[in-house]
Amino acid sequence: MPHPKRRTSKSSARQRRTHKKLTAPTVISCPNCAEAVRPHHVCPSCGQYRGQEVLSTTTM
Ligand SMILES: [Zn+2]
């Protein structure tokens, strides 16, 4: 099994991890119900995508 010859220094590890971070998800407001929705996704609130209802959101 290959394994590293040297331990990665704290500095190198931290420099590598500066690029590893969470980003806030992009949201737009739904044209039907104004709920925050991710672009190119069906609205989970009203079940519409591009002006058509594609998901039934009626509760039982
Ligand atoms: Zn909606």
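**Reading the chain and its metal site**

Colleague: How many helices and strands are in the protein chain, and what pattern do they follow along the sequence?
Modeller: Keep in mind that this is a predicted model. The protein chain has one helix and four strands. Read along the sequence, the pattern is α-β-β-β-β.

Colleague: What share of the residues counts as buried?
Modeller: Here "buried" means under 20% relative accessible area. The accessible surface of the protein chain is about 6100 Å², with 53% of that belonging to carbon and sulfur atoms. C43 and C46 are both buried. Of the 60 residues, the buried share is 10%.

Colleague: Which residues coordinate the zinc ion?
Modeller: Look for the SG atoms at 2.2 to 2.3 Å from the zinc ion. In sequence, the donor residues follow the spacing C-x2-C-x9-C-x2-C. They are C30, C33, C43 and C46.

Colleague: And what arrangement do the four donor atoms make around the zinc ion?
Modeller: Four donors count as tetrahedral if all angles lie between 85 and 135 degrees. For the zinc ion, the four donor atoms subtend angles of 106 to 117 degrees, so the arrangement is tetrahedral.

Notes
Residues numbered from 1 in each chain as written. Predicted model: local features only at pLDDT ≥ 70, side-chain atom pairs only at ≥ 80, totals over all residues. Heavy atoms only, no water. Helix = DSSP H or I, 4+ residues; strand = E, 2+ residues; numbered from the N terminus. Buried < 20%, exposed > 50% of the residue type's maximum accessible area, 1.4 Å probe, protein only. Areas by Shrake-Rupley, 256 points an atom, 1.4 Å probe, with all protein chains shown as cover. Donors = N, O, S within 2.8 Å, 3.2 Å for Na, K, Ca; no water. Tetrahedral: all angles 85-135°; square planar, octahedral: opposite > 155°, others 65-115°.
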